[in-house]
Every structure is written in structure tokens, then in C-alpha cells.
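Please keep the sequence and the coordinates at hand while reading.

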Amino acid sequence: MTLGIEVVLAAEKIGKYASSESGDTLEVIERPHGGISAVLADGQRSGRGAKRISNIVTRKAVSLLADGVRDGAAARAAHDYLRTHRGGQVSATLNIVSIDMDSQTLVISRNSHCPVLVLNPVWATPESPAGVRCIDDPSEAIGIYARTKPAITELPLDRDTTVIVFTDGVWMAGDRYGERIDVIACVESLVAAGYRHPEELAERLLAQAVAHDRDRPADDMSLIVLGVRAREHLDDVRRLTLHLPL
């Protein structure tokens, strides 16, 4: 069945200033029954050690999602694996955002103190002209405590819905200078300025976060912007563009 929509996913990431490697890992996987999942993990601290941790987490989650395991179960398994593998001594945040064609829903799984922002113009109010909702149900990082589970949010696949997921490098940008970014206000201002496309939102939001850290990111910064839109192309071609500086 054709829904007349398409999914646009944009991601941006930059490592901590003067660090050898970003401790964040992002993976995108096609789901076996249709749709996609984006998995974003932030390993404890930064650098190569953090990268090893986030790689462990994303590899486990992605392999299970590719086998048809549901998002919540994949997140719990990633937690159990990291806790067993590292003896409960290291942690990681984990976010999974999925287009699930079995249920025809948008599924957000959070193990992070950072919220997830969801936008839709139909939710616009005087307080939030862009229609921003903040998903911030209590959740914990994985890898430490025995009974850690993700906070799951399931939304219908409505057109013009946009999901913004980010790590704490974005959420806390500018904090060391007493000028911490207000991510929600920043998104509101970007949308008001006409930046609604996921690629534009991702690029400009990361640029503002980096600017708050005075162009020297105090932590690894990563973000995903996933948008559900009316189809722009009449064909069924799937398109992916990647920019990777080397």
C-alpha cells in the first residue's frame, strides 16, 4: 500500500575540539518489514574509548533491528550486552528513531537525559508557533543498572512531522561559558525563519550549537532530523547522500 509520503533523514556530527575521535556513533538500517531505523549512541566521556563503547551499543542494536526485533527489546538487549561486556562500569546514551511499517507509526526509543523534539504545524500554539513538543519522559543511560529500560513514544505517520534527536554535546552547548543554548527556542526561531527541511534544520542547529561553544565543541555533537513529508518524486527511487570529510 502506498501512503503518499516519503521519509527524509539528515544527520550532522562533529567531534569534541582537539579530540582524536568522536565518541558518538550513528547507524541507519532498513527494517526487514519496511521502514528504517536510525540508531544514535553516545559513549561515556569522549575520544577512542567512548567510540568503542558507542560502537558496541550500535552494533548490537542494529543487528537486532535487522533481524526484526522490536525497538524496545533491541534497546534492552544493547543495555544488557554493554553491562555484561563492561561489568556495569561504563555507560552510554542510546536513541532509536524508527519508521515502522508493521504498525505504520513513528517510534522513538530513548535512553538519555536529553529530550527528543517533535514538530508538526498542526500543533502550533501561541507559545510554540512551530508546533514543538518536547519528549522528556524520565530515562537512564544504558550499561550500569540492572533494570534499565527505554522510554518509548509511538506517533502516527502524519505528514509534516519532524523528529529531532541529539546528544548532550548539542543540549549543553555553551554551558562552560554561561551561555547555554536553548535548543527548543533555537528550533522555533529556525522554523520561523523558514527552515523546515530536515537537511536545513540539521545543518543550522549544529552550527548554532558549535557557535555557542565558540567554535570549539566542548563535547561530541551529533543530531538526527527525520521528517515525514508528502512525496516529492513520482518514482520509487530511494536516495541517500553522504558528506564525510577525511
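## A hairpin to begin with

How many residues lie between strand 4 and strand 5 in the hairpin that they form? There are four residues between these two strands, and Gln104 in the turn has a positive phi of about 50°. Strands, like helices, are DSSP runs numbered from the N terminus (strands are E, at least two residues; helices are H or I, at least four).

## Basis of the values

The model is predicted: local features need pLDDT of at least 70 and side-chain atom pairs count only at pLDDT 80 or more, while totals for chains, interfaces and linings use all residues. Residues are numbered from 1 along each chain as its sequence is written, and side-chain values use heavy atoms, with hydrogens and water left out.

Five strands make up an open sheet in the order 2-3-4-5-8, with antiparallel pairing. Two strands count as paired if DSSP finds at least two bridges between them. At the edges are strand 2 (24-30) and strand 8 (151-156), each pairing on one side only. On average, neighbouring strands of this sheet are turned by 10° against each other, direction ignored. Axes here are lines fitted to C-alpha atoms, for helices over the stretch in contact, and angles between N-to-C directions run from 0 to 180 degrees.

Strand 2 is joined to strand 3 (residues 36-43) by seven bridges, and the two run antiparallel. They form a hairpin with five residues between them, where Gly34 in the turn has a positive phi of about 105°. Across this pair, Glu27 stands opposite Val39 and Ile29 opposite Ser37. Strand 3 also pairs with strand 4 in the antiparallel sense, over seven bridges, and Asp42 stands opposite Thr93 in strand 4. Seven of the eight residues of strand 3 are buried, where buried means under 20% relative accessible area, exposed over 50% and partly exposed in between (1.4 Å probe, protein chains only).

## Strand 5

Strand 4 and strand 5 pair in the antiparallel sense over seven bridges, with Ile108 in strand 5 as the bridge partner of Val97. Strand 5 and strand 8 are also antiparallel, with six bridges, and Val107 has Glu154 in strand 8 as its bridge partner.

Why is strand 5 largely enclosed by the rest of the structure? Seven of its seven residues are buried. In a regular strand the side chains alternate between the two faces of the sheet. In strand 5, Thr105, Val107, Ser109 and Asn111 point one way and Leu106, Ile108 and Arg110 the other way, and all are buried.

Helix 1 (residues 47-66) lies across strand 2, strand 3 and strand 4 (92-100), and runs at about 160° to strand 3. Helix 2 (residues 71-85) packs on the sheet and touches strand 3, strand 4, strand 5 (105-111) and strand 8; its direction makes about 155° with that of strand 4. Contact means heavy atoms within 4.5 Å.

The axes of helix 1 and helix 2 come within 9 Å and cross at roughly 140°. Among the residues making this contact are Ile53, Ile56 and Val57 of helix 1 and Ala74, Tyr81 and Leu82 of helix 2. The contact residues divide into eleven nonpolar, one polar and two charged (Ala, Val, Leu, Ile, Met, Phe, Trp, Tyr, Cys and Pro count as nonpolar, Asp, Glu, Lys and Arg as charged, and the others, Gly among them, as polar).

Ser54 is in helix 1 and is buried, with a relative accessible area of 0%. Its side chain reaches the backbone oxygen of Lys51 at 3.1 Å. Leaving aside neighbours within four places in sequence, Ser54 is in contact with residues including Gly23, Asp24, Ala41 and Asp42.

Tyr17 lies in the loop between strand 1 (5-14) and strand 2. Tyr17 counts as partly exposed because its relative accessibility is 43%. With residues up to four places away in sequence not counted, Tyr17 touches Arg216 and Pro217. The C-alpha atoms of Tyr17 and Ala218 are separated by 6.3 Å, although these residues are 201 apart along the chain. Ala146, in the loop between strand 7 (132-135) and strand 8, touches His79 and Arg83 under the rule that residues up to four places away are not counted.

Definitions and conventions
A polar contact is a pair of N or O atoms within 3.5 Å; within protein, one must be able to donate a hydrogen and the other to accept it, and residues adjacent in sequence count only if both atoms are side-chain atoms.
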